[in-house]
Amino acid sequence: MADDINNPDSGNTGKKNEEDMSTSSLAAVAAGRQSHAPATQALGVGLEARGVHAWFGDKHVLNNISLDFWPGTVTALIGPSGCGKSTFIRTLNRMHEFIPTAALAGEVLLNGEDVYAAGVDVTKIRLKVGMVFQKPNPFPSMTIAENVLAGLKLAQLKVENKDDLLEECLERAGLWKEVKDRLGTYGGSLSGGQQQRLCIARSLAVRPQVLLMDEPCSALDPGSTLKIEETIQHLSSSVTVIIVTHNMQQAARVSDYTAFFLSDGGPGEMVEVGPTSEIFSRPKDKRTENYVTGRFG
Amino acid sequence: MSETRVIPAKRELTTKPRLSDKVFRGVVTSGGLSSLVILGLIFVFLLSEGFQTIKSQGLYFLTGSQWNAVVTDAGTIDTKQSHFGIAAMLVGTLICASIAVIIGVPISVLSAIFLTFYAPASIKKLMITIIDLMAAFPSILFGLWGFFVLGPSAEYWAKLIHKYLGFIPIFQMPADFYTRSPFVAGIVLAIMIIPIVTSISREIFSQTPLDRIQAAYALGATRWAMLKTVAFPYARGGIVGGTMLGLGRAMGETVAVYTVLNIVYQINWHVLLGAGGNVASLILLKFGEAGPAEVKALMAAGLALFILTLIVNSAADAIVNRTSKGGR
């Protein structure tokens, strides 16, 4: 596997376009990354889903998901299309209720408190649990700098030194070097991958505790994907990252834990969760094994 | 590297269109051009009919305000003694239309925001139907309603405005006469332009890209903050465009204004005073009893309105092009 490494920085990113990677090589990738999960488990409680069900109208789309996200870790949610991964992460920052017919049961605890409790200000939740979407969505009428700081304006937050925050967020998103000389140009002038990192920087500016990423690389080319993955690696020391991905190599490369979701035509369920290296090397469930070996999905 | 590279001549890129394509192209082109041709013909007609009056009246046509046709014994118009000036009418048209826009557009934009982002589905459907119905309502009914129902109430509001804002020149009252003022006509026009401005604004608000709305919410935005930073910048150009359509309608509206407004041949900037002007209403007012020469003068007035509308719309287009860039 070491022969495949084409990026000395992260030291664990395998070659692209290896659609037919075997379980063992995925497991090697997963094992190869330096997981800091065990060390950070003592940091605090973080985010927990407790028996989450979700509906759209009468359609039951998510069945009884309980999952813990430890601070400072990256958790990947994998599974075939339509298994409820995206729906699930949207329940975590209450973007789920954005859809008119959406309904929910169960609890989502952030630092031990239910985000769906009566009297909770939903905008506060979304400040703590940020989100990066599938398609890069910078605000086109704003400059790069304005985009990064948009959250402050939207949530009416005050910051002492905006320039420092701007640089810090762009730095953490791995975009600073590329845009520092053109902060005043419009966000839409960037490439797709740069736009997505701009969106990550924008999410970081409101100092979220958790960052949800809904297939953040699915609209990007391999080079940009690599950059985003590096960004995720750097972020995971300060932010809990939850990433939905269709790309199993990506899950193996960036995550500490992997949860496998599946729908057999009914509501989506979580088949298995565990340390990423175990999910890819010795999954407990036969269905997980079939999926990660590419036998279906 | 002194090697010279041979650059080939550019090839002409052509496609042989199919017959069906050609036919359809012809149909679409003629459809597209027909409105332009019709408008051009109307312009030529007004120009040829009105040219004589403009020539004989000279600058007075635009700067004067008197309108009297003096008929000689022979039954023709005495061009020396007749006066055809439309200054008061042009000013009055702009005043009424401006009042309509100032009152109508905020109401329309708020309705559009309510319908797009706040209204429950059932109310939304009902309201859209009612607003569309308003657009199809005959203008004479708006005029009659304005005359009988709105007029008396508006007089009361006008008195309040005069009492508290009378220090502003346009709200001063040279005489105590509030009936049938440009203010009342402006309110009637405002109600008449609400449907078109609302439906265009609503259309553009509903096209606000979902991913930007979600991005704003995901950053902890309240609905108001989302509207301000995402939806409004996106919709601004469309709202201006809708406003211009409304303005065009307000400037050209005839019967309703004719019913409500007291037409006086004198420039009047006091919007609360019961004396106003309106080019289209002038034409309606005079057309029935006008002799051939006066009809030509009315055509000239029509030409002036045509050109004024054209100027306002082009100015509006320029504004739209400037303001809508950032939002997209």
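**Briefing: chains A and B of a predicted model**

Chain B holds eleven helices and two strands; helices (H or I, at least four residues) and strands (E, at least two) are DSSP runs, numbered from the N terminus. This is a predicted model, where local features need pLDDT of at least 70, side-chain atom pairs count only at pLDDT 80 or more, and totals for chains, interfaces and linings use all residues. Residues are numbered from 1 along each chain as its sequence is written, while chains are lettered from A and ligands numbered from 1 in the order in which they are written.

**Chain B overall**

- From the N terminus, the elements of chain B run α-α-β-β-α-α-α-α-α-α-α-α-α.
- Chain B has a radius of gyration of 26 Å, well over the 20 Å of the globule rule for 328 residues, so it is more spread out than a compact globule. The radius is taken over C-alpha atoms, and the rule is 2.2 Å times the number of residues to the power 0.38.
- Along the principal axes, the C-alpha atoms of chain B fill a box of roughly 90 × 55 × 45 Å.
- Of its 328 residues, 39% count as buried. Buried means that 20 or more other C-beta atoms lie within 10 Å of the residue's own, with C-beta atoms placed from the backbone.
- Among contacts in chain B with a separation of 6 or more, 77% come from residues 24 or more positions apart. A contact requires C-beta atoms, placed from the backbone, within 7 Å.

**The sheet in chain A**

- Six strands of chain A form an open sheet in the order 6-7-8-3-9-10, with mixed pairing. Two strands pair if DSSP finds at least two bridges between them.
- Strand 6 (129–132) and strand 10 (269–275) of chain A are the edge strands, each pairing on one side only.
- The twist from one strand to the next averages 20°. Axes are lines fitted to C-alpha atoms, for helices over the stretch in contact, and angles run from 0 to 180 degrees between N-to-C directions.
- Strand 7 (residues 210–214) and strand 8 (residues 240–244) of chain A pair in the parallel sense over five bridges. There, A:Leu211 has A:Val241 as its bridge partner in strand 8.
- Helix 9 (residues 192–204) of chain A lies across strands 6 and 7, at about 170° to strand 6.

**Strand 3 of chain A**

- Five of the five residues of strand 3 (residues 74–78) of chain A are buried, so the strand is largely enclosed by the rest of the structure.
- A:Val74, A:Ala76 and A:Ile78 point one way, and A:Thr75 and A:Leu77 the other.
- Four bridges join strand 3 to strand 8 of chain A, and the two run parallel. In strand 8, A:Val241 is the bridge partner of A:Val74.
- Strand 3 also pairs with strand 9 (residues 257–262) of chain A, in the parallel sense over four bridges. A:Leu77 stands opposite A:Ala259 in strand 9.

**Interface and core**

- 22 residues of chain A are in contact with 18 residues of chain B.
- On the chain A side, helix 4 (122–128), strand 6 and helix 6 (150–154) each supply at least two residues.
- The largest nonpolar core has 156 residues. Such a core is a set of buried Ala, Val, Leu, Ile, Met, Phe, Trp, Tyr and Cys residues joined through C-beta atoms within 7 Å.
- Helix 6 (residues 182–206) of chain B gives the most to this core, with 16 residues.
- A:Ala201, B:Val188, B:Leu189 and B:Ala301 have the most contacts inside the core.
- A:Ala201 touches A:Val148, A:Cys169, A:Leu170, A:Ala173 and A:Leu175, not counting residues up to four places away in sequence.

Technical notes: Contact = placed C-beta atoms within 7 Å. Buried ≥ 20, exposed ≤ 12 C-beta atoms within 10 Å, placed from the backbone.
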